[in-house]
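Open the structure in your viewer and keep the selection tool at hand. This tour tells you what to select next and what is there.

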Amino acid sequence: MEYSEPIPTPTISSSPSLSPNSSISSNSPRSPPLSPPPVVISPCAACKILRRRCADKCVLAPYFPPTEPAKFAIAHRVFGASNIIKFLQELPECRRSDAVSSMVYEAGARIRDPVYGCAGAVFQLQKQVNELQAQLAKAQAQVVNMQLQQANVLALLCMDMDKAPSSPPPNSPQSAVDDTFITNSSYLSFMEDINNDTNLGSLWEPLWT
């Protein structure tokens, strides 16, 4: 007698219903979170010229920005990087900026004039000051001389006016009185001469005689 094995029936397990949206979202890969772009910090001009890594607390970075490489090159050529760093570390931060400006100016003057450096520039400026002072003193002396000449001319004019006889102006009342007196006296003397002159008596005779 043959026995047949029972065929197992598949069992369907109950699972939660999935919505279309949920199946799509589960199959799609998740996007990674956005990270900020990396900040690229350019090394300062000193570290770039020295070819070393610029640290966060670099002593030279605040005074030698990457946009001014010639500034550090001039100072480094005369003083050297180690001397510049040592000098800045010995100063307070409030005075470092002025010290860097002074070193750069002195280094530039030393490159232009290797013998005298800043002393040569100071000597030239002092020479110009002395020449200008001499020109100013000469101009002041000329002004004083002109003022004295003007005062002498005015004094001479006053002396000449004092020595000249005082005569009234032609349009003054006194001159008019004097002119009238002269005219009357001349007329009287002329009439006296006519009366005294016998030769002129015929002029008074009638013309019809």
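The stops below go from the whole chain to single residues.

**Before you start.** This is a predicted model, in which local features need pLDDT of at least 70 and side-chain atom pairs count only at pLDDT 80 or more, while totals for chains, interfaces and linings use all residues. Residues are numbered from 1 along each chain as its sequence is written, and side-chain values use heavy atoms, with hydrogens and water left out.

**Select the whole chain.** You will find 7 helices and 0 strands. Helices (H or I, at least four residues) and strands (E, at least two) are DSSP runs, numbered from the N terminus. Of the 209 residues, 14% count as buried. Buried means under 20% relative accessible area, exposed means over 50%, and partly exposed lies in between (1.4 Å probe, protein chains only). The accessible surface comes to about 18,500 Å². Carbon and sulfur atoms hold 60% of that surface. Such areas come from the Shrake-Rupley method with a 1.4 Å probe; for residues, only the protein chains shown count as cover.

**Colour by pLDDT.** This is the predictor's confidence in each residue, from 0 to 100. The chain averages 74, and 59% of the residues score at least 70. Contact means heavy atoms within 4.5 Å.

**Select residues 93–112.** This is helix 5, with 20 residues. The expected span is 1.5 Å times one less than the number of residues. Which residues of helix 5 are buried? They are Arg96, Ala99, Val100, Met103, Val104, Ala107, Gly108 and Ala109. Their cover includes helix 3 (69–78), helix 4 (81–89) and helix 6.

**Move to Val153.** Val153 is in helix 6 (residues 118–163). It counts as partly exposed because its relative accessibility is 48%. With Val153, they make a nonpolar surface patch of about 270 Å². Patches are made of residues with over 30% relative accessible area and no salt bridge: like charges are joined within 9 Å, nonpolar side chains (Val, Leu, Ile, Met, Phe, Trp, Tyr) within 5 Å.

**Select Lys71 and Glu68.** These two form a salt bridge, with the closest N and O atoms 4.0 Å apart. The term means a side-chain nitrogen of Lys or Arg within 4 Å of a carboxyl oxygen of Asp or Glu. A search of the whole structure finds 1 salt bridge. Lys71 is partly exposed at 25%, and Glu68 is partly exposed at 37%.

**Finish at Arg51.** Arg51 is in the loop between helix 2 (45–50) and helix 3. Its phi is positive, about 60 degrees, although Arg51 is not a glycine. Most residues other than glycine have a negative phi. Is Arg51 buried or exposed? Arg51 is exposed, with a relative accessible area of 78%.
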